[in-house]
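Please keep the structure in view while reading.

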Amino acid sequence: MQKAFAYLRVSGKGQVDGDGFTRQLAAIKAYAAKQDIKIMRVFREEGVSGTKELENRPALLELMTALHSNGVKLVMVEKLDRLARDLMIQETIIGDLRKNAFDLVSVSEPDLLQDDPSRKLMRQIFGAIAEYEKTMIVLKLRGARVRQKVKTGRCEGAKPYGELLGEGTVIERMKALRAEGMGFDRIAAALNAEGIKPRRGARWHGLTVNKILTGKGRIEN
């Protein structure tokens, strides 16, 4: 029975808890069962773009180290774009694996890794398509952010204080203290004395209270 490592990757932090890893591993396991391959270890690249170079891919670096140390010679991925979306990075990684006598299997497209010119051309075409799709996703997200900013004046980052649960009550308390004639520093001190916590950090500060009550900019406390 041949031994192998499985390499999985999702590009966004929000995808880590989705079905990306589950789908990839299921496809790899199904192929391995048919080919009498034993998966010795699974390497998961969590929230790392497929356009990142090898030195910025901790799981892939760990996999390469393991290949050189324990005798496993085969790496399995669901698709080549899980290895890398950028065509040059994809070919560089494939070339490095082969230079060191390691094999790579893309279980959804196993024929693409043959050495004949036609297969190499197809691999490069699919790699270029994956790279193009990634670029289009980035452009679409950028466009959505621009439209959101035009519509609301903001698009991402921390929400203004008051939009999260319970923060409206804190703002009402600030306004009540302000109505009593308190300055912003005194209001901050009063909130701290009452045990009311800011969104981040341990204590309120007068400048933060000022920004919240005057609506000057995004508040991350």
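## Packing of α6 and α7

The axes of helix α6 (residues 167–179) and helix α7 (residues 184–193) come within 10 Å and cross at roughly 130 degrees. The two helices are therefore oblique to each other, and α6 passes α7 in a right-handed crossing. The model is a predicted one.

On the α6 side, the contact is made by Arg173, Met174, Leu177 and Arg178, which meet Phe184, Ile187, Ala190 and Leu191 of α7. Of the residues in this contact, 6 are nonpolar, none is polar and 2 are charged.

## Helix α8

Helix α8 spans residues 206–214, and its buried residues include Gly206, Thr208, Val209, Asn210 and Ile212. The buried residues of α8 pack against α6 and α7. After α8 comes Gly215, with a positive phi near 70 degrees.

## Salt bridges

The count of salt bridges comes to 7. One of them joins Arg41 and Glu62, with the closest N and O atoms 2.2 Å apart. Arg41 lies in strand β2 (residues 37–46) and Glu62 in helix α2 (residues 58–70), so this pair ties together parts 21 residues apart in sequence. Arg41 is partly exposed at 37% relative accessibility, and Glu62 is partly exposed at 39%.

Glu167 and Arg199 also form a salt bridge, at 2.7 Å from N to O. Glu167 belongs to helix α6 and Arg199 to the loop between α7 and α8, so the pair ties together parts 32 residues apart in sequence. Glu167 is buried, with a relative accessible area of 6%, whereas Arg199 is partly exposed at 21%.

Technical notes. Residues numbered from 1 in each chain as written. Predicted model: local features only at pLDDT ≥ 70, side-chain atom pairs only at ≥ 80, totals over all residues. Heavy atoms only, no water. Axes fitted to C-alpha atoms, helices over the stretch in contact; angles between N-to-C directions. Helix = DSSP H or I, 4+ residues; strand = E, 2+ residues; numbered from the N terminus. Parallel < 35°, antiparallel > 145°, perpendicular 65-115°, else oblique. Left-handed = near helix turned anticlockwise from the far one by under 90°. Contact = heavy atoms within 4.5 Å. Nonpolar A, V, L, I, M, F, W, Y, C, P; charged D, E, K, R; others polar. Buried < 20%, exposed > 50% of the residue type's maximum accessible area, 1.4 Å probe, protein only. Salt bridge = Lys/Arg side-chain N within 4 Å of Asp/Glu carboxyl O.
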